[in-house]
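Open the model in your viewer and keep the selection panel at hand. The stops below go from one selection to the next.

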Amino acid sequence: MNVVETIVVFAVIPLAIYGLAGVLTLRRRSGGAPRHRTGQAWEYPAMWWSANPDGAGHRHAALENSAPEGAPTAAGGARGNW
């Protein structure tokens with residue numbers, strides 16, 4: 001390998017890749033949905049995120065603890081005291 005090939009392989013090609021990645025990330029996207037801007041009216045109903053909308057408002061069965069206070073349980077987890 002001569003000096004020119006070395007410079008092309010180790011300098012020009014990586015700079016071209018970084019430059020292409022930079023141009024692709026900084027370009028303005030003309031397509032897509034319009035974005036909400038501060039001060040615009042919000043025309044959609046309020047929605048709270050729920051991982052399971054079918055079970056919203058229901059307690060999980062594992063949350064119910066029937067063991068007496070201080071009794072060891074098999075559930076594990078963190079404690080608030082040392």
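This is a predicted model: local features need pLDDT of at least 70, side-chain atom pairs count only at pLDDT 80 or more; totals for chains, interfaces and linings use all residues.

Valine 4 sits in helix H1, which covers residues 3-26. Is valine 4 buried or exposed? With a relative accessible area of 57%, valine 4 counts as exposed, because the cut-off for that class is over 50%.

Next, select residues 6-26. An unreviewed UniProt entry annotates this stretch as "transmembrane region"; such an annotation may be inferred rather than shown by experiment. In the model, residues 6-26 are 100% helix and 0% strand.

Now leave the helix and go to glutamine 40, in the segment after H1. Its relative accessibility is 43%, so glutamine 40 is classed as partly exposed. Show its side chain together with the backbone of arginine 37: the glutamine 40 side chain reaches the backbone nitrogen of arginine 37 at 3.0 Å.

The next stop is a pair of rings. The structure holds 1 aromatic pair, formed by tryptophan 42 and tyrosine 44. How are the two rings of tryptophan 42 and tyrosine 44 arranged? They are edge-to-face, with 5.1 Å from centre to centre and 65° between the planes. Tryptophan 42 and tyrosine 44 are both exposed.

Finally, zoom out and select the whole protein chain. Colour by secondary structure to find 1 helix and 0 strands. Then colour by accessibility: of the 82 residues in the chain, 0% are buried. The accessible surface of the chain is about 8800 Å², and carbon and sulfur atoms account for 60% of that area.

Technical notes:
Residues are numbered from 1 along each chain as its sequence is written. Side-chain values use heavy atoms; hydrogens and water are left out. Helices (H or I, at least four residues) and strands (E, at least two) are DSSP runs, numbered from the N terminus. Buried means under 20% relative accessible area, exposed over 50%, partly exposed in between (1.4 Å probe, protein chains only). A polar contact is a pair of N or O atoms within 3.5 Å; within protein, one must be able to donate a hydrogen and the other to accept it, and residues adjacent in sequence count only if both atoms are side-chain atoms. Accessible areas come from the Shrake-Rupley method with a 1.4 Å probe; for residues, only the protein chains shown count as cover. Rings of Phe, Tyr and Trp (its six-membered ring) pair if their centres lie within 6.5 Å; planes under 30 degrees apart count as stacked, over 60 as edge-to-face and the rest as tilted.
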